Amino acid sequence: RRGIGTALIDTLVSAHPLAKVWAHGRVPGAAEFARARGGIPVRELLHMTWLAGDAVVPPVPDGWEVRTFTPADAAAWVALNAEIFADHPEQGSITEADLAARMTKPWFDPRLFWLVVNELGGLAGYAWMKPGAGGADELYVIGLAASARGTGLAAHLVGRVQEATAARGSTSLGLYVEAGNKSAVRSYERAGFHTDGVDLQYARGR
């Protein structure tokens with residue numbers, strides 16, 4: 001409370017008037033700070049957690065196959081990811097170079113990266129798990145093409161990741177989901193996840 005935050009925000013907005021700023025956690029002080037500077041919440045991101053236990057893995061629906069990722073899948077995965085997350089400001093912009101960089105990370109394990117394949121062998125979805133330190137794993141990203149939605153594949157993929165978390169001896173599995181994606185939030189709740197954190201993004205009101 002010595003004016004440092006104000007100076008930072010003023011400098012940022014002066015250089016980038018359309019900049020958006022995250023407040024991690026629903027903190028009253030952050031909300032008051034944002035409002036005082038004309039900031040309004042424009043995005044709400046939930047953190048949900050499943051405490052590891054018995055995992056339920058529904059069967060793969062007829063006509064689909066689930067297998068693990070190989071480097072040969074890179075281009076097809078990037079194209080599918082861009083299609084699924086066309087309106088997402090971060091996930092939808094991942095390139096093959098971005099994917100390659102992630103594949104060099106110590107946490108990357110292709111056995112924890114599942115792909116959904118249709119009868120013609122084309123990619124139609126995926127679930128990517130990030131093993132964490134201290135027993136806290138992360139459902140890094142999950143996505144399904146329009147043709148694969150409503151088939152039960154999402155429940156299978158989430159169950160597959162939960163099963164892997166339990167098999168690793170981890171204590172929990174976390175994920176981030178947009179609060180406005182009500183159907184996804186309900187699906188995660190049915191799978192045993194609960195909301196334990198909320199991040200808010202603010203932008204200058206017009």
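Start by selecting Arg67: with a relative accessible area of 26%, this residue is partly exposed. Keep in mind as you click around that the model is predicted. Asp73 is buried, at 9% relative accessible area.

Next, pick helix H3, residues 74-84, and colour its buried residues: Ala74, Trp77, Val78, Leu80, Asn81 and Ile84. They sit on the same side of H3, because the arc they cover around the axis is only 165 degrees. Want to see what covers them? Show helix H4 (96-103) and strands E4 (113-117), E5 (123-130) and E6 (136-144), which are among the covering elements.

Stay around here and select Gln91, in the loop between H3 and H4. Gln91 counts as buried, at 16% relative accessibility. Leaving aside residues up to four places away in sequence, Gln91 touches Trp77, Asn81, Phe85, Tyr126 and Val141.

Back to salt bridges, of which the structure holds six. Select Glu44 and Arg26: their closest N and O atoms are 2.7 Å apart. Glu44 belongs to strand E2 (residues 39-51) and Arg26 to the loop between strand E1 (20-24) and helix H2 (28-36), so this pair ties together parts 18 residues apart in sequence. Arg26 counts as exposed at 53% relative accessibility, while Glu44 is partly exposed at 29%.

Last stop: helix H5, residues 153-167. Its end C-alpha atoms are 21 Å apart, which agrees with the 21 Å that 15 residues should span.

Notes:
Residues are numbered from 1 along each chain as its sequence is written. This is a predicted model: local features need pLDDT of at least 70, side-chain atom pairs count only at pLDDT 80 or more; totals for chains, interfaces and linings use all residues. Side-chain values use heavy atoms; hydrogens and water are left out. Buried means under 20% relative accessible area, exposed over 50%, partly exposed in between (1.4 Å probe, protein chains only). Helices (H or I, at least four residues) and strands (E, at least two) are DSSP runs, numbered from the N terminus. The arc is that of the directions from the helix axis to the C-beta atoms. Contact means heavy atoms within 4.5 Å. The expected span of a helix is 1.5 Å times one less than its number of residues. A salt bridge is a side-chain nitrogen of Lys or Arg within 4 Å of a carboxyl oxygen of Asp or Glu.
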